[in-house]
Amino acid sequence: MIVIGTKCQLHQSVTDTLTAAAAGSGLLPVFGTPFMAAMMENAAQTALQAFLEEEQGSVGTHLDIRHDAPTPVGMTVWAEAEITGVSENGKMVEFRVRAWDETGDIGSGVHTRAIINSQRFLEKCQGKLGK
């Protein structure tokens with residue numbers, strides 16, 4: 001059973017490869033929004049995975065976030081995901097996501113993940129190739 005309130009927090013240092021300029025989402029050498037979003041999704045996936053069966057995984061289906069403050073190269077950032085709800089059928093999981101740097105809040109939002117059978121999901125995806 002998935003436990004509401006379960007959290008996962010991940011940390012990393014901002015490098016030149018994690019900037020808006022590197023991602024192509026901006027021109028400045030500051031922590032890029034795509035990388036903040038990926039950290040938030042990774043924290044959510046990690047928090048959820050412990051509750052899943054071996055053949056199961058999860059995929060992101062919705063991400064609604066704000067990136068409110070810049071972070072320079074060299075500073076540490078962290079993202080946290082907290083499970084806030086599970087759908088009635090148990091297949092959709094809601095998260096509150098937040099991000100900080102060494103000076104305070106830099107982003108927040110909500111995220112939804114769908115629980116899937118990993119093999120069936122990959123087979124369906126590969127089916128798009130028509131093979």
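**Exercise 1.** Which residues does arginine 96 touch, not counting residues up to four places away in sequence?

*Solution.* Before we start, a word on the model: it is predicted, so local features need pLDDT of at least 70 and side-chain atom pairs count only at pLDDT 80 or more, while totals for chains, interfaces and linings use all residues. Residues are numbered from 1 along each chain as its sequence is written, and side-chain values use heavy atoms, with hydrogens and water left out.

- Step 1: Arginine 96 sits in strand β4, residues 92-101; a strand is a DSSP run of E with at least two residues, a helix is a run of H or I with at least four, and both are numbered from the N terminus.
- Step 2: apply the contact rule, heavy atoms within 4.5 Å.
- Step 3: read off the partners. They are Glu80, Ala81, Glu82, Thr84 and Gly109.

**Exercise 2.** Why does arginine 96 count as partly exposed?

*Solution.* 

- Step 1: take the value. Arginine 96 is partly exposed because its relative accessible area is 34%.

**Exercise 3.** Where are serine 13, threonine 46 and glycine 104 found, and how does each score for accessibility?

*Solution.* 

- Step 1: serine 13. This residue is found in strand β1, residues 7-13, and counts as partly exposed at 42% relative accessibility. Leaving aside neighbours within four places in sequence, serine 13 is in contact with Leu18, Met75 and Thr76. Its C-alpha lies 24 Å from that of phenylalanine 95, which is 82 residues away in sequence.
- Step 2: threonine 46. Its place is in helix α2, residues 33-49, and at 36% relative accessibility threonine 46 counts as partly exposed. Threonine 46 and threonine 15 are 31 residues apart in sequence and 23 Å apart in space, C-alpha to C-alpha.
- Step 3: glycine 104. This one lies in strand β5 and is partly exposed, with a relative accessible area of 24%. The C-alpha atoms of glycine 104 and valine 77 are separated by 9.5 Å, with the two 27 residues apart along the chain.

**Exercise 4.** What is the order of the elements from the N terminus on?

*Solution.* 

- Step 1: count. The protein has three helices and five strands.
- Step 2: order them. The run is β-α-α-β-β-β-β-α.
- Step 3: look at the whole chain. Of the 131 residues, 34% count as buried. Among contacts with a separation of 6 or more, 65% come from residues 24 or more positions apart. The C-alpha atoms fill a box of roughly 40 × 40 × 20 Å, taken along the principal axes.

**Exercise 5.** Which residues line the largest pocket?

*Solution.* 

- Step 1: define the term. On a 1 Å grid over the protein atoms alone, a pocket is an open set of points where a 1.4 Å probe fits, with protein on both sides within 12 Å along at least five of seven lines; lining residues have an atom within 4 Å of a point.
- Step 2: list the lining. It consists of Phe51, Leu52, Glu55, Gln56, Asn89, Gly90, Lys91, Ile115, Ile116, Asn117 and Arg120.
- Step 3: find the main contributor. Strand β5, residues 104-117, gives the largest share of this lining, three residues.

Terms used
Buried < 20%, exposed > 50% of the residue type's maximum accessible area, 1.4 Å probe, protein only.
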